[in-house]
Structures are given as C-alpha cells and as structure tokens.
Protein chains: 2
Amino acid sequence: MSDTNVNYRTCPIRQVISRFGDKWSLLVLYTLHMSDTGVLRFNELHHMMTDCSQKMLSATLKNLEQLHLIHREVYPVVPPRVEYSLTEMGKSLMPPVTSLIDWANQHFDDVVSNEVIV
Amino acid sequence: MSDTNVNYRTCPIRQVISRFGDKWSLLVLYTLHMSDTGVLRFNELHHMMTDCSQKMLSATLKNLEQLHLIHREVYPVVPPRVEYSLTEMGKSLMPPVTSLIDWANQHFDDVVSNEVIV
DNA sequence: CATAATTCCTACTTTTTGGTAACTATGATA
DNA sequence: TATCATAGTTACCAAAAAGTAGGAATTATG
C-alpha cells in the first residue's frame, strides 16, 4: 500500500466527490461547457435541465459559485438578467470530466446491462 | 447548444455519478488500485478506510461487484477468506479517475479555501 | 465448553438530499 | 390596476443514504 492515503477526510478523490458529486453539479458544469457561447442565463439552464427544479438549480449554482467553478454576472435590469459561465478553474475541470464521460460512453452499456436493479 | 443531451436520465456523466458517485465507491476502487498486489481482503479494506462502517463497505462492495467493476473471490475456509480486486473494466476506469484526482491535487486548495462552510 | 476469527446481515435511528408548490421583488406593459 | 417576466426564496414533506449496535455462521483452539 506504500504511503498512499485513502482516508476519507484527506483523500483527494473524496474531496472532489463530496463537493460536486451531487445530483446536479457536474451536469450544470457540463451544460455550460457544451453551450455555444459558454454563457447561459438561469432560465436557459433550467430549460436544458428540465428535471432539475428551480430550487435545486439555484442551490447548485450558488454552491458552484462559492467553489469558484462558475462566475455569476448580474445585470441591474428589470426583469433581472443573470448570466452564468465557467471560471478558468471550472474550465480546467472539464478535461478530467470529459475523460470520465468518454469512459462512460465506452463502457457503460456493459455496466448497466449487468445491473439487477435499474 | 447543438444536439448535446444534458438530460438527467440520458446524460452519461449522470449515469456515472448516479452509480458510483456515492460516498465510498470511488474510494474502494482507488484503494484497490493503489494496493501493492491489487488484491485486498474485507478487513484489509476496512482497516484502510477506517471511517467507513462495515455495513457501508459491505454494501459498496456488493454494488461494485454487480456493476462488474470488482471481482469477489471466496475461499471456502474457516474463518472465511474473501478477496477483492479490480476487474478489467474496473481497471479501465482508473485513468479517468486518476486524472480527476490529479486535478483535485492541483486545484483543490483554491476551491476549499474559498468555501464558506467547511 | 467458551472463545476467537472473519465476513458479513439486520433492525433501528439519524442525517442528508431532493421534490412541490407557493411566494417575493421589480418595473414595464396592456 | 392587473399582468407579465425573471430569478430566485421559503416552508413543508418524502425519500434516500448512512451511522450504530448487535447478531449469525463456521470451526479450530485452549
């Protein structure tokens, strides 16, 4: 095992998963990443992620902003206009995430087909 | 947005996260991956992941076995001897996971230090 | 015969997560 | 004056995840 630390509190993979391994965070990041301009308004995101409630989308965005993975730009107009985009750090997360997605696309049929409970 | 599908049910990243984005799965896989021999017994894993309860470790291992990401080898001896190792598919998941870990090691100080609630 | 070792399982409880639906604020517009 | 649009918030509730503590099975050993 050499000196690798896989303790819950200090293991880096756990640090990642515990902070944006929730139901919606990566989906928000990925949606922004895949958008044409890289900038999306609240309702645009919401319409692209129809099964995410306003409440969860709002909470997820707030969390990601606190982690400095997305940037929130507010325009003082009525009705309000708020635009979200990836920060540089958010962008830097996309290659690892994309490699995970690639793996999923290659292997996940096997995984899912072997499941007892779907 | 072109034709990219970010719907919860069909998005690949969600398929990944929903199946082994839980509290312990990646930690188990990573622990096996980093072990000297690639094979660990139940109690060895448990001692390496002290803050994972027996119940959760057992449930996590069962889940990963059903997903064909780990192999479970039972030796008919008393007291029981059960050895866990990564399958080929499990091994194929490690490069993407490792790239995520590398990202975490490079960037996570920034992320954590910006958090309000730790 | 009591104990130990190993790998679990089960019942119970607590904590966390997520969903629904209604509400807020603002100013333009009909 | 009522309505609309946007970007949320809030209260309430249900479900899922996870923790705790104890039990079960087997056989060798003292």
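A residue is called buried when its relative accessible area is under 20%, exposed when that area is over 50%, and partly exposed in between, with a 1.4 Å probe and the protein chains only. Helices (H or I, at least four residues) and strands (E, at least two) are DSSP runs, numbered from the N terminus. The model is predicted, so that local features need pLDDT of at least 70 and side-chain atom pairs count only at pLDDT 80 or more, while totals for chains, interfaces and linings use all residues. Residues are numbered from 1 along each chain as its sequence is written, chains are lettered from A and ligands numbered from 1 in the order in which they are written, and side-chain values use heavy atoms, with hydrogens and water left out.

View 1. The buried residues are B:Pro12, B:Ile13, B:Arg14, B:Gln15, B:Val16, B:Ile17, B:Arg19 and B:Phe20.

**View 2. The surface near DNA strand C.** A residue is near a strand if one of its heavy atoms lies within 4 Å of it, and 18 residues surround DNA strand C, the closest being A:Lys23, A:Lys55, B:Gln54, B:Arg72 and B:Tyr84. Of the atoms of DNA strand C within 4 Å of the protein, 67% belong to sugar or phosphate, and the rest belong to bases. At least two residues of this surface come from each of α4 (54–66) of chain A and α3 (42–48), α4 (54–66) and β3 (81–86) of chain B, and the largest share, four residues, is supplied by α4(B). By residue type the surface holds eight nonpolar, four polar and six charged residues, where Ala, Val, Leu, Ile, Met, Phe, Trp, Tyr, Cys and Pro count as nonpolar, Asp, Glu, Lys and Arg as charged, and the others, Gly among them, as polar.

View 3. At B:Pro80 the contact is made by a backbone N or O atom, which lies 2.9 Å from a sugar or linking oxygen of DNA strand C.

**View 4. The surface near DNA strand D.** DNA strand D is surrounded by 19 residues, of which the closest are A:Ser58, A:Arg72, A:Pro80, A:Tyr84 and B:Lys55. Among the atoms of DNA strand D that come within 4 Å of the protein, sugar and phosphate account for 67%. The largest share of the surface, four residues, comes from α4(A), and the residues of the surface divide into eight nonpolar, four polar and seven charged. Phosphate oxygens of DNA strand D are approached by the side chain of A:Arg41, with an N or O atom at 3.0 Å, by that of A:Arg72, with an N or O atom at 2.5 Å, and by a polar backbone atom of A:Val82 at 3.3 Å.

**View 5. Strand β3 of chain B and its partners.** Two strands pair if DSSP finds at least two bridges between them. In chain B, strand β1 (residues 39–41) pairs with β3 in the antiparallel sense over three bridges, and B:Val39 stands opposite B:Ser85. Strand β2 (residues 70–75) is joined to β3(B) by six bridges, again antiparallel, with B:Tyr75 opposite B:Arg81 and a hairpin of five residues leading from β2(B) to β3(B). Five of the six residues of β3(B) are buried.

View 6. B:Pro79 is placed in the loop between β2 and β3 of chain B, and the peptide bond to it from B:Val78 is cis, with omega near -5 degrees.

**View 7. The loop between α4 and β2 of chain A.** A:His68 is placed in this loop, where its phi is near 65 degrees, a positive value in a residue other than glycine. A:His68 counts as partly exposed, at 38% relative accessibility.

Key: Polar contact = N/O pair within 3.5 Å; in protein donor to acceptor, adjacent residues only side chain to side chain.
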